[in-house]
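Please look over the chain shown here before reading on. The briefing below goes through the fold, the sheet, a helix pair and a few backbone details.

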Amino acid sequence: MTAESVQAPAGATLAAGDGVRSLPGALPNLVVIGAQKCGTSGLHYYLSLHPEVAMSRPKELNFFIEERNWPRGIDWYSAHFDPRATIRGESSPNYTAYPQHDGVPERMRATVPDARLVYLVRDPLERIAAHWVHNFAKRRERGDLRTTLLHPQTSYVARSRYYMQLERFLRFYDRERLLVIEQDELRFEREATLRRVFEFIGVDPGFTHPRFREERHQTSRKQRSSRLALRLEQASRSRGGRRLPAAVWLGLDVLLPLRRPIPRPDVRGALGPEVMGMLREDAERLCELTGRRYENWSIWR
């Protein structure tokens with residue numbers, strides 16, 4: 001599939017003579033494309049504090065995914081962006097979930113060819129672990145860890161193959177339009193990292209804000225809700241449940257055994273040597289692309 005062959009959704013037109021799509025409304029010129037569980041929510045928030053930047057609400061528009069919001073059309077998408085802002089952005093980690101979601105870079109290039117892309121990464125095994133714990137806590141996963149991680153309909157391993165995901169975008173966007181950030185840089189060197197992002201997107205890099213010191217989405221020990229907990233949560237949101245004081249529901253949460261801690265998954269053992277080798281090879285190619293070594297990643301051990 002090429003950018004030229006992508007079918008535009010409703011509201012898109014072709015500019016005469018040059019084959020480039022001319023789209024009405026305020027389209028983004030910044031897209032945070034992932035990776036999931038690598039700090040995209042935090043970056044989205046920090047970016048929104050800059051006076052020259054307007055980030056979308058909600059954060060994840062998932063527009064360039066055929067199975068999600070692509071059919072809604074350009075007018076729906078552009079309605080999420082402030083045309084007065086110098087930089088208009090959104091953050092959808094599902095854009096880097098190939099092959100589960102195919103054709104994303106092609107649609108993006110056909111729609112926002114001048115956009116700048118930001119991609120956050122972290123230790124591939126840590127990302128898989130955080131992804132699985134998130135789903136397990138919500139009772140989305142119940143089976144054997146290895147079977148779950150390697151199932152062809154899941155994206156645990158694919159989302160941690162950072163180079164493989166980026167290579168697809170680099171077929172349609174110049175390398176200069178892509179900035180790769182490690183999650184730990186945003187956590188522990190936040191102001192310097194945000195200056196780098198601001199320079200990359202072309203806004204005042206000297207801007208700072210007291211809330212830059214806030215840690216967004218702090219990682220805590222996740223717990224798995226029991227079926228009773230899920231029923232109580234549903235009841236608390238019902239019409240009758242809303243009539244009860246919040247203290248009642250909080251008291252039940254404390255008194256009843258509604259949740260249990262989730263043990264840390266042995267991702268390395270579950271994946272096995274063949275998949276580990278594939279992840280190492282992908283990480284090596286990412287190092288070549290970025291000029292970084294990521295020496296603290298457990299993938300090398």
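**Briefing on the predicted model**

At 4% relative accessibility, Y294 counts as buried, where buried means under 20% relative accessible area, exposed over 50% and partly exposed in between, with a 1.4 Å probe and protein chains only. Y294 is placed in the segment after α12, and its phi is positive, about 50°, although Y294 is not a glycine.

This is a predicted model, in which local features need pLDDT of at least 70 and side-chain atom pairs count only at pLDDT 80 or more, whereas totals for chains, interfaces and linings use all residues. Residues are numbered from 1 along each chain as its sequence is written, and side-chain values use heavy atoms, with hydrogens and water left out.

**Overall make-up**

- The secondary structure of the protein comes to 12 helices and nine strands; helices (H or I, at least four residues) and strands (E, at least two) are DSSP runs, numbered from the N terminus.
- Of the 301 residues of the protein, 49% count as buried.
- Among contacts between residues at least 6 apart in sequence, 76% join residues at least 24 apart, a contact being heavy atoms within 4.5 Å.

**The open sheet**

- Five strands form an open sheet in the order β4-β5-β3-β6-β7, with parallel pairing, where two strands pair if DSSP finds at least two bridges between them.
- The edges are taken by β4 (53-55) and β7 (178-182), each of which has a single partner strand, so one side of each is left without a neighbour in the sheet.
- From one strand to the next the twist averages 25°; for such angles, axes are lines fitted to C-alpha atoms, for helices over the stretch in contact, and angles run from 0 to 180 degrees between N-to-C directions.
- Strand β3 (residues 30-34) is mostly covered, with five of its five residues buried.
- Helix α9 lies across β3, β4, β5, β6 and β7, and runs at about 170° to β7.

**The packing of α1 with α9**

- The axes of helix α1 (residues 40-48) and helix α9 (residues 190-201) come within 11 Å and cross at roughly 70°.
- That angle makes α1 roughly perpendicular to α9, on a scale where angles under 35 degrees count as roughly parallel, over 145 as roughly antiparallel, 65 to 115 as roughly perpendicular and the rest as oblique.
- The crossing of α1 and α9 is right-handed, a label used if the near helix is turned clockwise from the far one, whereas a crossing is left-handed if the near helix is turned anticlockwise by less than a right angle.
- On the α1 side the contact is made by L43, Y46 and L47, which meet R190, L194, V197, F198 and I201 in α9.
- The residues of this contact divide into seven nonpolar, no polar and one charged, with Ala, Val, Leu, Ile, Met, Phe, Trp, Tyr, Cys and Pro counted as nonpolar, Asp, Glu, Lys and Arg as charged, and the others, Gly among them, as polar.

**Helix α3 and R107**

- Helix α3 (residues 104-111) is mostly covered, seven of its eight residues being buried, namely V104, P105, E106, R107, M108, A110 and T111.
- R107 lies in this helix, α3, and is buried, with a relative accessible area of 9%.
- From C-alpha to C-alpha, R107 and F63 are 9.2 Å apart in space, and in sequence they are 44 residues apart.

**Backbone details in the loops**

- The peptide bond from G34 to A35 is cis, with omega near -5°, and A35 is found in the loop between β3 and α1.
- K37 lies in the loop between β3 and α1, and its phi is near 60°, a positive value in a residue other than glycine.
- With a relative accessible area of 29%, K37 is partly exposed.
- A cis peptide bond also joins Y98 and P99, with omega about 10°, and P99 lies in the loop between β5 and α3.

**The segment after α12**

- S298 lies in the segment after α12 (267-290) and counts as buried at 9% relative accessibility.
- Not counting residues up to four places away in sequence, S298 touches D123, L125 and R268.
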